[in-house]
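Student: I would like to go through this structure with you, one contact region at a time.

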Amino acid sequence: MNFLSLPFMILMVILILFVSLIKNKSLVKLAFIAASYYFYSGFGLTALIILILMSYFTYMSGRIIAREKRKKFGIEKQLLIATVTLQLLVLIFFKYFGILTMPVGMSFYMLQAISYLVDMYRGDIDENTELLDVLLFIAFFPQILSGPIMKAKEFLPQIKEHKGLRKEEDPKGGIDFERLSFGIQLFALGAFEKLVIADRLSVSVDSVYLAPKAYSGLSLLFASLGYTLQLFFDFAAYSNMAVGVGKLLGFDLTVNFNLPYLALNPSDFWRRWHISLSSWLKEYVYIPLGGSRKGKIRTYVNLILTMIVSGMWHGSTINFFVWGALHGIASAINRFFGELRKEGRFDLHLPDIVSRILTFLLVSFLWIPFRAKDLKDTLIIFSRIFTLKAGINYFYVYTWIFAALLLLIQALALIKNKGNNPIRVLPLNKFYGKLILALLIIASFMFAYFGNGAFIYSQF
Amino acid sequence: MKILIKQMLQWMAAITAALFIMNLFCFIYYSPFLELKREHGANTGFLLPGMRGVYGMEGYCMAGSDKRGYVNRDLPLEKDYYLVAGASHSEGLFLPVEDRFSDVLNEKLKEGEGLKVYNIARSGNFFSVVTQHFDGILGEFPDAKGIIIETDSLSYDTKAWRDSMIQVGYDEGESIEAIMSGMSSMDKLKLNIKRCLPLVRELHKQFLTMQSSSGELRESDVYKGDFDEEYKRALNELLAFLRSRTDKELIIVFHPAVSIEESGDMKLLSTGAEELFGEACRANDIEFIDMSERFLEAYEEEHIVPMGFSNTTMASGHTNKAAHRMMAEEIYKVIRSEKESDQP
């Protein structure tokens, strides 16, 4: 089932009505779980069975870890390591061995499952968490395909205190129109980003990356810019829609993006791009590896290792490893110079605008191995770009248009909001708010590119 | 209650205003010609005369229809004129009008030779439709010196070649004047409303695109049978039939679709019927222009791809400016040589 389909809209209407009318929390939870499994069953019965089994395994493991914690000489740590390893092995089996098709969204829900176990071990969540809560946390349909990746300690309390669409300060009733309006707007914005921008950009990016040898160096450079935009808008679209749907159902999912192409340096980029994954990696990989507590060299190594994990989480090919490693090295170099500057041993300070442009260029170039079919194609693309090889000249008009649009938003962010997302919730009680929303919805259909509906990140 | 009514009214006003704004935008993005369908004539339908069509989804074209209901710059039909018949490639509603091969040809032919080219192409009028309307063309344009038929496909089976001989003919009662004068006030009002609301047609087109998963509709599937004696006979029957209807110059221009391969080469998506088709044309005194080699040369020497635009993908969709220019040059060569051979 696709977010932008009639069955999904019907499902949403039914759920919103149900959540608004039914006060019994268990019933609401059951409805969410049923809806999530119904949504997910569209990707195959086997995938659904694996999801349910993994969820139940996670729940039971959590209970055992909690029980062991209560004992004086418990083996909770060993249990945690064993269960997390087992989960990782399942993920690796599907992702790397290619014997069976990996269930959609597995990379995302497995991270959530691991977060549940670690949070249980750390005592960050209630050890008596109910089975229904765990099932819902792992399978919650708005984010199961591509995140945002929620941590157990952030999501489980929301299930417990769930108020649906009612105002928080008014538990007796009263629809929270602000939440409703915000949810609808985020969903509409996501639909626009996906249908109009990302899918349209994919037209040119896919064709160029399919046959890079045919295109001129400049065209490849331009297509790489196109991919930089496409990936952002595609993933931001999904995240916006997921957060919007979450809002409509009474949940606050993590906001995943904050104008990442305005980042000042590689570390700043990861604070703005796929925020939920970066935050997950920081908490469950970087910090357990020792973070920055074990000396400078170890910090750099930890940064690189964390980014390699990130790369390998994205995909099984060598390209993702290279992409992750290069990002890790870039972050380590950035940290190295940052520390030198702190110690007063390095004085060069680039103007912010130059730093932002350099970071953008670095990130854009690193998307090339991320997108290319294999390492051979990656090298072909880089060599054609840097030698300005002749070939088909193809400069896609929409890349210009959407680059200009993003530039405009980023300029607004710099001027009005210190480089943070400048887009605000429209006041739907005012005429202009209604007009802008109506224009956005009509434009989404009018300029939609139909033919490439899959979200990029759902394949990871 | 008062607030609710006010909000409802505001929503209605906002939606109306948004639709109005988008409708205005359509006049520079997508405002297609209105078509007046007919059965008996040179093609399957006239364009509403004097209308401006705007097409921005693939390439960009802003063109006007002439008073005869064709997509021309209202050229007078001089004595020695050629007709261009074909489908969307010839109609060229994705290029500036002056870049279409018929118009490039016109420019070339202006240079002292007194010839003109008149474009009667219409989207969906593939080769078999053009041949079925062949008598219609002759009836509607009896003075034409020659007929140029453009096609991107020669992929037909024997039945299709034979069916292409079934003629729809020409009916004076379906001339543009007759159709326009036979229209009721209500019909005219409906047309004018449609003309003013391109957004409705844009949204309708989007809806159809959303529903269809198969992409562009083609007249026939690619022919997968043998090119045996029966096939040759059917092909020859059709071309002999066309030749028998008139002694005007007949030129068939074939331009294959192409694809870009992973290796970086450009591949012609030909079916293998081109050679047979060329032989049959020669046997029936019909000029056959096959653009295959010219397209390949242009790609190998200058990386020029004959299809695709800067707002779509390369090597897909319709023929672009470069292809139209190449086609015009090849047709021009043929016309010139015929002109020279006509001279005493």
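Student: How many residues of chain A are in contact with how many residues of chain B?

Tutor: This is a predicted model, in which local features need pLDDT of at least 70 and side-chain atom pairs count only at pLDDT 80 or more, while totals for chains, interfaces and linings use all residues. Residues are numbered from 1 along each chain as its sequence is written, and chains are lettered from A and ligands numbered from 1 in the order in which they are written. Two residues are in contact if their C-beta atoms, placed from the backbone, lie within 7 Å, and the count is 26 residues of chain A with 27 residues of chain B.

Student: Which element gives the most to the side of chain A that touches chain B?

Tutor: Helices are DSSP runs (H or I, at least four residues), numbered from the N terminus. At least two residues each come from α8 (177–210), α16 (397–416) and α17 (431–446) of chain A. The most, with 9 residues, come from α17(A).

Student: How many residues of domain 1 of chain A are in contact with domain 2 of chain A?

Tutor: An automatic or database domain assignment sets the bounds, giving domain 1 (8–160) and domain 2 (179–452) in chain A. Their centres, taken over C-alpha atoms, are separated by 27 Å. On the side of domain 2 of chain A there are 20 residues in contact, and on the side of domain 1 of chain A there are 20 residues.

Student: Which element gives the most to the side of domain 1 of chain A that touches domain 2 of chain A?

Tutor: The elements giving two or more residues there are α1 (6–21), α4 (76–97) and α5 (106–122) of chain A. With 5 residues, the element that gives the most is α5(A).
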